[in-house]
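Thanks, everyone. I'll take a few minutes on the annotated site and the ligand, then stop.

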Amino acid sequence: MVDRPNKPSALAATPQQPIAQASVNIDSAAGRVTATLPTGESVDVLLHGATVISWKDASGDEKLWLSEKAILDGSKAVRGGIPLVFPVFGTAPDHAATSKLPQHGFARISKWEFLGKSTSESKQSGSSAEDTNVKLDFGLSSSSLDEKTRALWPYDFDLIYSVTLERTNLVTSIVITNKSAEAFEFEVLLHTYLRVKDINNVAVEGLEDSKYIDKVDGASTKTQSSSITITGETDRVYTPAKGPSEPVVVTEGGKKALSVVRDNFTDLVVWNPWTEKAASMADFAPKDGFKTMICVEAGSVKAFQTLEPGDAFEGAQTLYTL
Ligand code: BG6
């Protein structure tokens, strides 16, 4: 059981003008939590991996890509949405502490606990109108892992993952607390699959002059000269040259579509499997689905972070619709 610190309570609405509250539906049988704002925006989160599998704007437009063959029953990581990578990115056969873990760790394949919801109102800038936001908190702790997984990574920890739905954005933040008597090392990443209309018209801006590791070219280090376009299999780990709060913007047909702002996450992965890799993944559908997705993944993955006993790490990303 994860304790939720500073558990917020719902704020009272002004008596004169009651503000409609967000609705939250918990489907225990399906292991799914859905929140909808009074203005129509919605988010859908599976307890399996605390995976956000849908984020829609007020007109019902889906912002995340989810494979038509994504396995949602808890037997596999979800192919799409926002799987959570922890405590290892990829596999790390040379890193003793995480060498036994499956690809991208256990957080995305573990069953999380729903800790609760909180709502708040905020003023839109330049307007007197008030908006309702809703925050969903999920927890995973070492004590809730099965014996097999604990044996692979024997540290005590608490993870709290918060998914906050606002009218124009979605904030996903994670707090990692070391409850062990010894330090541990970890990597963490929000493996966000963004839905796009046509990958051929997509560019990712804001990473100009950034160094990156090109995983499809022998892990060589390169420097991004201009905006990123996708014309083949792409698997890159960027260290953005601009600060973490500098947005990375996804454009479609030259128009800004969505931006990603990082908080305390030093790295950004850009991934598109393209034809052959998509064909090799059984849960990737349709097979040309790589044309309608791009992964832009905020995290801390270039090097392991050390967390001392009792210490906590917090990182977040905000996705803004533009
Ligand atoms: C990306 C990695 O983050 O995830 C890729 O950079 C990997 O190397 C991709 O192929 C998908 O991983 P998985 O385990 O979900 O198939």
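Start with a position in the loop that joins strand S10 (184-190) to strand S11 (193-195): that is where His191 sits. Bear in mind that this is a predicted model. His191 has 6% relative accessibility, so it counts as buried. Leaving out residues up to four places away in sequence, His191 touches Gly81, Ile82, Pro83, Val85, His104, Trp271, Cys295 and Glu297.

The last of those names brings in the annotation. The UniProt entry, which is unreviewed, lists His191 and Glu297 under "active site". They are spread over 107 residues of sequence, yet they cluster in space, with a largest C-alpha distance of 4.7 Å.

Now Glu297 itself. Glu297 belongs to strand S20, residues 293-307. Its relative accessibility is 1%, and therefore Glu297 is buried as well. Beyond its neighbours within four places in sequence, Glu297 has contacts that include Phe89, Leu189, Thr192, Asp267 and Val269, as well as His191.

Next, the ligand. What surrounds it? The residues are Arg79, Phe89, Gln103, His104, Arg108, His191, Lys215, Asp235, Val269, Trp271, Lys277 and Glu297. By class, that shell has 6 charged, 3 polar and 3 nonpolar residues.

For Glu297 the distance is 2.7 Å, for Arg108 it is 2.9 Å, and for Arg79 it is 3.0 Å. On its own the ligand has 390 Å² of accessible area, and the protein covers 89% of that.

To close, both residues that UniProt lists for the site, His191 and Glu297, are also among those surrounding the ligand.

Notes: Residues are numbered from 1 along each chain as its sequence is written. This is a predicted model: local features need pLDDT of at least 70, side-chain atom pairs count only at pLDDT 80 or more; totals for chains, interfaces and linings use all residues. Side-chain values use heavy atoms; hydrogens and water are left out. UniProt positions are given in the numbering used here, feature names are shortened, and annotations may be inferred rather than shown by experiment. Helices (H or I, at least four residues) and strands (E, at least two) are DSSP runs, numbered from the N terminus. Buried means under 20% relative accessible area, exposed over 50%, partly exposed in between (1.4 Å probe, protein chains only). Contact means heavy atoms within 4.5 Å. A residue is near a molecule or strand if one of its heavy atoms lies within 4 Å of it. A polar contact is a pair of N or O atoms within 3.5 Å; within protein, one must be able to donate a hydrogen and the other to accept it, and residues adjacent in sequence count only if both atoms are side-chain atoms. Accessible areas come from the Shrake-Rupley method with a 1.4 Å probe; for residues, only the protein chains shown count as cover. Ala, Val, Leu, Ile, Met, Phe, Trp, Tyr, Cys and Pro count as nonpolar, Asp, Glu, Lys and Arg as charged, and the others, Gly among them, as polar.
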